[in-house]
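Please open the structure in a viewer and keep the selection tool at hand.

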Amino acid sequence: MPGNADLASETAPLLEVSDLWVEFRTRDGVANVLNGVSCSVDAGETLAVLGESGSGKSVTATTIMGILDSPPGFVTAGSIRYRGEELLTATPDRRRELRGENIAMIFQDALSALNPVYTIGFQIAEQLRTRRGMDRRSAQRRAVELLDMVGIPGAEQRVRDHPHQFSGGMRQRAMIAMSLALDPDVLIADEPTTALDVTVQAQIMDLLAEIQAERRMGLILITHDLGVVAEVADRIAVMYAGRIVENADVYSLFAKPCHPYTLSLLESIPRVDTKGTELTAIKGLPPNLTAIPPGCPFHPRCPIAVAQCREIVPPLEPLPADRSSACLFAEELVSR
Amino acid sequence: MTDPQALGVAGPAAEVSHPTEGARRGGPDRPRSLASDAWHDLRRRPLFLVSMTLIVVLLVLAAFPGLFTSADPNAGLLARSRQPPSAQAWFGYDLLGRDVYARTVYGTRVSIIVGLLATTFTVLIGATMGILAGFYGGWVDGMLSRVADVFFGLPFVLGAIVVLSTFRESVGGAAGITTLVVLTMSALSWPVAMRIMRSAAIAARQQDYVRAARGLGASPFRVIWRHMLPNCLAPVLVYATIALGAFIGAEATLSFLGIGLRDPVVSWGVMISEARDYIRVSPYLLAFPAAFLAVTVLAFVMLGDAVREAFDPKGR
Amino acid sequence: MGRYVLRRMLQLVPVFIGATFLIYVLVWALPGDPFAAKCGDRPCPDAYITAMRERFNLDDSVFVQYGKYLLGLLQGDFGETFSGIQVSELIANAYPVTLKLALVALVIEAVIGLTAGVVTGLRPGGYLDNLVLVSTLFLIAIPVFVTGFVLQVTLGLRWGIIDPTVSAQADFSELIVPGFVLGSLSMAYVTRLARTSISENRRSDYVRTAVAKGLRPRRVVGVHLLRNSAIPVITFLGVDLGALMGGAIVTEGIFNIRGIGGLVYRSILTKEGATVTGVVVLLVIVYLLMNLLVDVLYAVLDPRIRYD
């Protein structure tokens with residue numbers, strides 16, 4: 001319903017996730033993968049979703065896209081709104097329409113994410129041909145343009161190559177080009193640089209930042225890499241055990257983290273100026289999602305946990321300067 | 001007919017993905033090996049239960065035919081020739097007046113033994129060659145693979161016909177002809193087992209735990225026996241189970257063509273071959289042994305299917 | 001690619017020699033009197049035997065015999081039967097029939113197998129899936145001659161839909177049922193192979209990407225999934241052609257088809273060594289060539305495999 005969306009989009013964020021609950025029903029039990037996740041991203045903004053493996057960040061991404069494997073995954077509560085339009089109750093056809101056209105996604109391993117038997121040009125052009133009705137030649141030309149735009153040299157020739165003929169970094173660029181073919185408003189990047197060398201990582205992140213600025217896209221960056229986040233993000237949502245435990249703008253988060261988990265993460269980064277001292281690691285292991293401990297999910301590993309932390313699940317408390325934290329000690333942490 | 005040669009290329013055995021080693025959480029905190037995982041899985045599958053029941057029944061039939069019939073499978077009374085099924089003879093009488101039911105029951109033993117022996121030889125030869133080829137690689141692999149290729153090029157049925165027709169006259173007696181058929185079938189089918197084992201071995205050799213063992217100075221024998229073999233067994237096991245069924249069927253086909261087993265040996269294949277010319281007038285002569293044959297082969301193929309699914313780590 | 005083909009063809013030579021030598025030895029060099037049945041009930045006259053041995057090089061060592069035979073082969077001479085008929089002529093008459101039969105079988109198994117496999121691969125666990133799985137089990141378990149007989153008796157004799165035996169011309173229409181019988185086992189394998197391939201590839205990353213691009217489900221399956229899943233099936237089909245021709249003997253026997261299956265069977269029983277060797281040599285060549293073709297085809301289908 002375009003009319004409703006237009007009205008709502010004046011004030012609403014571009015993409016808004018509210019209190020999303022997702023569970024995975026397996027033979028070994030029900031895994032509570034997302035437990036009330038809320039976050040949002042505006043046009044021109046980069047939201048980084050930060051967390052360890054198993055924190056639920058990729059599931060959040062696939063649920064937004066509507067490509068969650070179901071079974072075994074099931075959305076049990078919550079809402080996802082794009083320009084005010086509720087996605088979880090939309091028809092499958094409508095969700096499909098939005099994919100690629102409005103919300104696009106790029107994945108971690110470009111080699112497996114791209115079809116090995118078709119050329120890059122084919123895979124970019126097919127969206128233009130089937131969804132924009134372009135003819136073969138124009139679509140191919142546009143594909144070359146896109147490859148050029150993402151910084152692939154010799155795009156004219158490379159458009160006829162297959163994915164395995166590209167190097168890792170170039171392949172990721174090609175995937176980015178493919179995702180931009182239909183000019184989406186929102187791009188979800190699921191660990192786009194994890195599989196790449198450090199130098200290439202930087203290049204890809206620069207590219208993403210550039211594209212996002214040019215097109216005023218909302219970029220949701222899923223990652224576990226704090227370094228990447230510091231460079232590129234506007235806001236950071238820290239996830240743990242399927243919950244957002246802290247949400248803040250990047251400067252505030254790094255200057256003064258307001259959740260013990262974020263604190264521990266930052267402390268565990270090796271620093272150049274502290275040579276010779278021991279590295280600090282967060283003791284313990286992330287929880288088994290089929291048996292999350294009661295209360296705050298982080299309490300078994302938390303350096304400041306008290307008895308109350310075992311009983312209450314701390315809600316995401318809003319704090320001054322447009323940030324929030326899910327800790328009983330949030331107030332104390334923010335005013336220290 | 002289940003062609004033993006085709007099994008390696010596309011049969012269910014070829015569909016087994018190479019199992020990765022590793023412990024699994026079984027129960028609160030007990031790691032489980034792939035084998036015990038598979039066993040737990042198997043126990044629950046109807047395919048496995050049905051096929052095992054059938055196989056157990058058949059094995060009892062084979063081991064103790066006397067329990068099921070008191071008639072002598074080779075005693076023929078021409079007066080009873082081709083009498084249809086009745087109360088005294090459930091499956092009727094064949095051309096020479098022998099009790100078809102008794103022959104079918106006694107035939108179980110021969111058919112299963114032939115299948116079992118052929119499978120054993122095929123797997124022993126093929127698996128040994130395969131694991132050696134996979135482990136050593138290089139010219140050993142090249143040579144063994146060429147030899148396998150040579151045998152692969154010979155179509156099973158034709159090769160069997162040539163060998164069997166040449167040697168048939170020279171061997172006498174039940175044991176002789178049975179051995180001949182078993183050895184011929186094995187000789188023509190071992191390349192399949194070899195290929196399966198070889199690709200499993202090549203995959204295993206590249207695993208880190210094998211590299212670690214070699215790096216620690218383990219002898220080739222130890223590496224193969226202790227580290228590679230346990231992880232290469234699954235696809236071969238699946239193949240062996242299905243091949244058992246295939247060989248039983250193959251023996252029947254060869255006997256049907258007149259060059260497999262023959263009198264005084266009683267097997268389903270022999271019975272079918274004898275019934276050939278009388279299908280239109282006495283269809284039961286063919287129907288009963290053919291039914292037993294089909295059920296037996298089916299049971300083994302089902303078992304192989306169940307085993308494969310249980311061993312497939314992706315099916316979790 | 002050309003170099004690869006050449007290299008592979010050279011590799012074929014030792015295999016070819018090995019296989020044909022093996023057959024030659026089995027047919028000609030084993031104990032047993034090749035002339036036992038040639039002259040009726042009486043033993044053959046000595047003059048005849050000497051002349052025959054001369055003609056067929058039987059006095060040379062087996063290696064020389066084989067060498068001479070190979071030389072003849074390279075010139076297109078498959079030798080002749082004991083009664084002087086050119087083996088190549090016999091083969092030329094019988095081979096096209098078997099080829100037709102094998103092609104019919106291949107088409108039937110490909111069409112039915114792929115369709116069943118794709119449909120059930122996309123929807124595993126359903127009613128249709130179980131039905132197909134059970135039918136493939138039966139097809140694998142029941143020997144070809146049983147299937148053949150059953151179909152011949154029911155379709156041919158009972159219901160009269162087809163002729164119980166195939167005529168000498170053997171048109172394609174007559175070969176449909178025999179082709180089905182011949183291909184029944186492979187059809188089961190094709191179905192299972194396609195089913196496994198599709199259900200495994202369904203979960204792959206590139207399919208997820210295709211869905212994430214918002215492509216229609218029909219396109220995701222038809223363009224992205226199918227092409228990747230078809231590769232193992234097509235390679236199987238390629239190799240199967242040779243196997244079908246080699247295994248046609250039973251089907252040809254049941255339906256009275258005058259192909260090389262029947263030819264070689266009769267020849268074995270009457271100890272016509274030259275014919276047997278000739279037919280097997282031909283089958284070996286076909287098998288090796290099809291293998292090579294399949295390897296090349298694989299490279300065409302899967303761009304990741306390019307042999308340079």
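Begin where chain C meets chain A: in this predicted model, 21 residues of chain A are in contact with 16 residues of chain C. Select the chain C side of this contact and colour it by element; α8 (205–212) and α9 (217–246) of chain C each give two or more residues to it. The greatest contribution comes from α8(C), with 6 residues. Coloured by residue class, this side of chain C shows 7 charged, 5 nonpolar and 4 polar residues.

Viewed along the principal axes, the C-alpha atoms occupy a box of roughly 65 × 55 × 45 Å. The radius of gyration of chain A is 21 Å, which agrees with a compact globule, because 336 residues packed in that way would give a value near 20 Å. Of these 336 residues, 43% count as buried. Among contacts in chain A with a separation of 6 or more, 64% link residues 24 or more positions apart.

Now turn to the interior. In soluble globular proteins, nonpolar side chains tend to be buried together. Here the largest nonpolar core has 272 residues, and those with the most contacts inside it include Leu147(A), Ile161(B) and Val190(C). Select helix α9 (residues 220–256) of chain B to display the largest share of this core, 19 residues.

Finally, centre the view on Leu147(A). Beyond its neighbours within four places in sequence, Leu147(A) is in contact with Ile152(A), Ala155(A), Arg158(A), Val159(A), Ala174(A) and Ala177(A).

Key
Residues numbered from 1 in each chain as written. Chains lettered and ligands numbered in written order. Predicted model: local features only at pLDDT ≥ 70, side-chain atom pairs only at ≥ 80, totals over all residues. Rg over C-alpha atoms; globule rule 2.2 N^0.38 Å. Buried ≥ 20, exposed ≤ 12 C-beta atoms within 10 Å, placed from the backbone. Contact = placed C-beta atoms within 7 Å. Core = buried A, V, L, I, M, F, W, Y, C linked by C-beta atoms within 7 Å. Helix = DSSP H or I, 4+ residues; strand = E, 2+ residues; numbered from the N terminus. Nonpolar A, V, L, I, M, F, W, Y, C, P; charged D, E, K, R; others polar.
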